[in-house]
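Please walk through this model with me, strand by strand and then cavity by cavity. Keep the structure open beside the text.

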Amino acid sequence: MTIRRSRLRAAVTGGIVLLVAAVGVVAAVGFGGGADGGRAQAGSAPPATATVTRQTLADSETADGELGYGTTRTATAKLSGTVTALAATGSTVRRGKALYRVDNEAVVLLYGGLPAYRTLAPGVEGADVAQFERNLDALGYTGFTVDDEYTGATADAVRQWQEDLGLTETGRVEPGRIVYADREVRVDGHQADVGDLTQPGQAVLTYTGTSRVVTVELDVDDQRLARRDAKVSVRLPDGQTVAGTISTVETVVQAGTAGANGQSGEAETKIEVTVAVTDPKALTGFDRASADVTFTVSERRDVLTVPVAALLALAEGGYGVQVAEGGTSRILAVTTGLFAGGRVEVTGTGLTEGATVVVPT
């Protein structure tokens, strides 16, 4: 049987491989007639060769990351009044403590993912009631049942809470008195000064998480890299490499930048990935520094590989490699697997580690 061999050139970018074949008759050799396949007599020397290597092949991609404390969020006022105190920049605020004060009355941090959006009072029911009551219970107040119903018993506990905070004891909880966050926060910066007048919707301060993490912004096309709990490696500015795990993946929409005419450009969607490192102490001293984050999408251990350029397209379909043996060579059919880093996983009868393959140029 006659074989057509095509020289292939491969472009491997981010694990996506494009094989472009320039088909031409290079040699007519027998194939499939025996265990050794076809043989070509030595004539012209092969332009280049490579070794069949046994290795771990990984489809990975490296992206720029930023060392810091993760996503910055903004606490906005829901009350009108005068800012009389602000938690210090860089300080940690925990559940039940004041983030800032309006008219010398505390606006406190509680834990939860649902924003405060309505006044809580006897007769109100819902998930926001349950979230608030869990916080009230965690702060040590008793006499009520933690559920989704705001009862008179809840109001009594709230009055005690308000007395301890120095607030008017109404038994009702106004949304402007609470800021919800997932956990304790670090005050990142002030958007208002003590003495400023506030009104609903005005930014007061920004905050982040308290743990040092690495944040990476990926294009939507690279979403395949962003898998929660996936392992990554982080190369720090000092050259040290530490292991990390993707802890959160969020889709964010960034406002377009203003053009020369003052109009904003189109908004851009990004995938924001937060990476927690195995050894957080390794990030000490790297505030707002950059780091290289390597994502591994797939990995094949202990496999035979050859350069992608060594692949030949066979007329019968599929791929082969030209194995050089002394003064002769033969074509072996191969099955391809993972493509990564300019190499490809291959398997085939007669293909062994250390064999020499021709790499057409």
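Glu217 has its bridge partner, Glu272, in β18. This is a predicted model. The strands involved are β15 (residues 213-219) and β18, which pair in the antiparallel sense over six bridges.

Stay on β15 and look at Thr215, which sits in that strand. Is Thr215 buried or exposed? Its relative accessible area is 15%, and buried means under 20%, so Thr215 counts as buried. Leu67 lies 148 residues from Thr215 along the chain, yet the two C-alpha atoms are separated by 6.6 Å.

Now turn to β18 itself, residues 268-277. Seven of its ten residues are buried, so the strand is largely enclosed by the rest of the structure. β18 also pairs with β17. Here ten bridges join the two strands, and they run antiparallel. One of the pairs is Val252 with its bridge partner Lys270 in β18.

Strand β17 covers residues 241-254 and includes Val242. Val242 counts as buried because its relative accessibility is 9%. What does Val242 touch, beyond residues up to four places away in sequence? The list is Val232, Ser233, Val234, Leu236, Val277 and Ala282. Leu283 is 41 residues from Val242 in sequence. In space the two are 9.4 Å apart, C-alpha to C-alpha.

Next comes another sheet. Strands pair through backbone hydrogen bonds, either parallel or antiparallel. In the open sheet of four strands, the order is β6-β14-β12-β8, and the pairing is antiparallel. Which strands stand at the edges? They are β6 (73-76) and β8 (92-93). Each has a single partner strand, so one side of each is left without a neighbour in the sheet. Strand β12 (residues 185-190) pairs with strand β14 (residues 203-208) in the antiparallel sense, over four bridges. Within that pairing, His190 has Leu205 of β14 as its bridge partner.

That leaves the empty space. Rolling a probe the size of a water molecule over the atoms shows where such space is left. How many cavities of 30 Å³ or more does a search of the whole structure find? The search finds two.

The largest cavity holds about 70 Å³ of space. Its lining has 13 residues, and Ala116, Tyr117, Arg118, Leu120 and Tyr180 lie nearest the centre. Helix α1 (127-138) and strand β11 (178-181) each supply at least two lining residues. By type, the lining divides into nine nonpolar, one polar and three charged residues.

The second largest cavity has a volume of about 30 Å³. Which element gives the largest share of its lining? That is β19, with three residues. β16 (231-235) and β19 (290-307) each supply at least two. The lining residues include Lys231, Val232, Phe295, Thr296 and Val297. Arg224, Leu225, Arg227, Ala230 and Ile246 also line this cavity. The lining divides into six nonpolar, one polar and three charged residues.

How values were computed. Residues numbered from 1 in each chain as written. Predicted model: local features only at pLDDT ≥ 70, side-chain atom pairs only at ≥ 80, totals over all residues. Heavy atoms only, no water. Buried < 20%, exposed > 50% of the residue type's maximum accessible area, 1.4 Å probe, protein only. Contact = heavy atoms within 4.5 Å. Pairing = 2+ DSSP bridges. 1 Å grid on protein atoms, 1.4 Å probe; cavity = no way out; pocket = protein on both sides within 12 Å on 5 of 7 lines; lining within 4 Å. Points joined across faces, edges and corners; volume = space filled by probe spheres on them. Nonpolar A, V, L, I, M, F, W, Y, C, P; charged D, E, K, R; others polar.
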